[in-house]
Amino acid sequence: MGTAVESANKLQEVNGSVAVKNPTVVFVLGGPGSGKGTQCANIVEHFGYTHLSAGDLLRAEIKSGSENGTMIQNMIKEGKIVPSEVTIKLLQRAMQENGNDKFLIDGFPRNEENRAAFEEVTKIEPAFVLFFDCSEEEMERRLLSRNQGREDDNIETIRKRFKVFLESSLPVIEHYTARGKVRKIDAGKSVEEVFESVKAVFTPKEEKAD
């Protein structure tokens, strides 16, 4: 009995340390080719956020050779989805170790289960969700021009990725839309134009009054 309570207390401490800092968290969502990565780099540079990519953290954990990393690698190899808790713990650790109090979390939550687990485990609700809305035609064009020479191999894969994104991420976007927390960006424009829209979202109202 004692051990369960002790471990629960320890867990509380881990969770609490993120909650105490009361970080500002912005979820960044958008389909493959919507330009999230480029815009995240701009936000980091101009607004002092720390960019955390769920995929990068999982890859780094695998590379580290830790027991956790081996478990993640085996799950991916078997085509299984890494449990939300695993990704959330990596995000929490990165937030604690970073020392900043403003984070862009990119590519997470991927689905409604991720979202509910993140709020449950961290007790953090995002300040808002930055949603890069881009037509499939435009995303396809960008991805194909990025992967020159492999167009035939990739068109099917690309379309599958779009389908997965839409099916799993739309419920997350709908949840936060209902809470007035989605900031939709027209990501079909040029990088510069898109960043102008992004800047308007991140700039406090009082600074906008010229």
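Just after helix H2, Gly48 takes a positive phi of about 75°. This is a predicted model, in which local features need pLDDT of at least 70, side-chain atom pairs count only at pLDDT 80 or more, and totals for chains, interfaces and linings use all residues. Residues are numbered from 1 along each chain as its sequence is written, and side-chain values use heavy atoms, with hydrogens and water left out. Helices (H or I, at least four residues) and strands (E, at least two) are DSSP runs, numbered from the N terminus.

**Helix H2**

- Helix H2 covers residues 36–47, which is 12 residues, and reaches 16 Å from its first C-alpha to its last. That is close to the 16 Å expected at 1.5 Å a residue, where the expected span is 1.5 Å times one less than the number of residues.
- The buried residues of H2 are Lys36, Gln39, Cys40, Asn42, Ile43 and Phe47. Buried means under 20% relative accessible area, exposed over 50%, and partly exposed in between (1.4 Å probe, protein chains only).
- Seen down the axis of H2, these buried residues fall within an arc of 160°, so they line one face of the helix. The arc is that of the directions from the helix axis to the C-beta atoms.
- An α-helix has 3.6 residues a turn, so residues three or four places apart point the same way.
- The buried residues of H2 pack against strands E1 (24–30), E2 (50–53), E3 (102–106) and E4 (128–133), and against helix H9 (191–202). Contact means heavy atoms within 4.5 Å.

**The largest pocket**

- About 1,400 Å³ of space lies in the largest pocket. On a 1 Å grid over the protein atoms alone, a pocket is an open set of points where a 1.4 Å probe fits, with protein on both sides within 12 Å along at least five of seven lines; lining residues have an atom within 4 Å of a point. Grid points are joined across faces, edges and corners, and the volume is the space filled by probe spheres set on the points.
- Of the 49 residues that line this pocket, the closest to its centre are Lys36, Gly55, Gly107, Arg110 and Arg161.
- The elements that give two or more residues to the lining are E1, H2, E2, H3, H5 (84–98), H7 (136–146), H8 (151–178) and H9.

**Positions listed in UniProt**

- An unreviewed UniProt entry lists Arg59, Lys80, Ile81, Val82, Gly107, Phe108, Pro109, Arg110, Arg150 and Arg161 under "binding site". Of these, the pocket lining includes Arg59, Lys80, Ile81, Val82, Gly107, Phe108, Pro109, Arg110 and Arg161.
- Val82 sits in the loop between H4 (67–77) and H5 and counts as buried at 11% relative accessibility.
- Arg110 is in the loop between E3 and H6 and is exposed, with a relative accessible area of 56%. Leaving aside neighbours within four places in sequence, Arg110 is in contact with Ser168 and Ser169.
- Asn114 is also listed for "binding site" in the unreviewed entry. Asn114 lies in helix H6 (residues 112–122) and is buried at 8% relative accessibility.

- Ser84 is found in helix H5 and counts as buried at 3% relative accessibility. Not counting residues up to four places away in sequence, Ser84 touches Glu113, Asn114 and Ala117.
- Ser84 and Arg110 are 26 residues apart in sequence and 9.4 Å apart in space, C-alpha to C-alpha.
- Glu61 belongs to helix H3 (residues 54–64) and is buried at 7% relative accessibility.

Methods. UniProt positions are given in the numbering used here, feature names are shortened, and annotations may be inferred rather than shown by experiment.
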